[in-house]
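Dear colleague,

I am handing over the structure below, and after it you will find a short account of what was found. Please read the account with the model open beside it.

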Amino acid sequence: MMGYYILAGLIMLVSWYVSNKLKTKFKTYSKVHLQNGMSGAEIAERMLADHGIIDVKVISTPGMLTDHYNPSNKTVNLSEGVYSQRNAAAAAVSAHEVGHAVQHAKAYSWLTMRSKLVPMVSIASKYSQWVIMGGLVLAATTAFGNTLLLVGIIMFAMGTLFSFITLPVEYDASNRALAWLERENIVTQQELSGSKDALKWAARTYVVAAVGSLATLLYFISIYLGRD
């Protein structure tokens, strides 16, 4: 198990670095005020209108970097610092979340696939590591342990697959956001540069999560093959 703890520690370290870098970037670009004076909420509503989407609401949600699009009730949820702020960071985040709403409206294939996996993955992710640990313990005394370990690995693999499917969804939402911000002259070139950098680091959090999940999956598979 020492190998697992080392791997988990390395993944946590890289994740911390990227997350900290993201917070620093957003703090920096929160000081780049928009010349048009629009708030994050106003930008989101403008982007929705420009795409002909009239059944999605823009609402405020508590916390920092808690922004998300909820397809079940069709709401663009913007954190308090994004909803009312008028800067490059707020422009990037609000447009990105609307990018997900546009994906939903256009039935973007990767988003549709991810949405279908959510119920199954939410259960698998919750219990996979417990099943794997149980399999490792029982494998030392009974053959059933190896079977349980395999089940746990399959459950964990579903979460890994989900994390990789999330990547094109997030990158596409950012591309839609940045293209619209530039096309409609919502931001200046300096503001656009800040928005691009902020979204680049946001995307890297998903890359780290996916790579970390894959590395952990391969580690568990190597243990199973070594016991089989």
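From the N terminus on, the elements of the protein follow the order α-α-β-β-β-α-α-α-α-α, which amounts to seven helices and three strands, where helices (H or I, at least four residues) and strands (E, at least two) are DSSP runs numbered from the N terminus. This is a predicted model, in which local features need pLDDT of at least 70 and side-chain atom pairs count only at pLDDT 80 or more, while totals for chains, interfaces and linings use all residues. Residues are numbered from 1 along each chain as its sequence is written, and side-chain values use heavy atoms, with hydrogens and water left out.

Taken along the principal axes, the C-alpha atoms fill a box of roughly 70 × 35 × 25 Å. Of the 228 residues of the protein, 44% count as buried, that is, under 20% relative accessible area, with exposed meaning over 50% and partly exposed lying in between (1.4 Å probe, protein chains only). Among contacts (heavy atoms within 4.5 Å) with a separation of 6 or more, 72% are accounted for by residues 24 or more positions apart.

The accessible surface of the protein comes to about 11900 Å², and 62% of this belongs to carbon and sulfur atoms; the areas come from the Shrake-Rupley method with a 1.4 Å probe, and for residues only the protein chains shown count as cover. Trp16, which is found in helix 1 (residues 2-29), counts as exposed because its relative accessibility is 53%.

With kind regards
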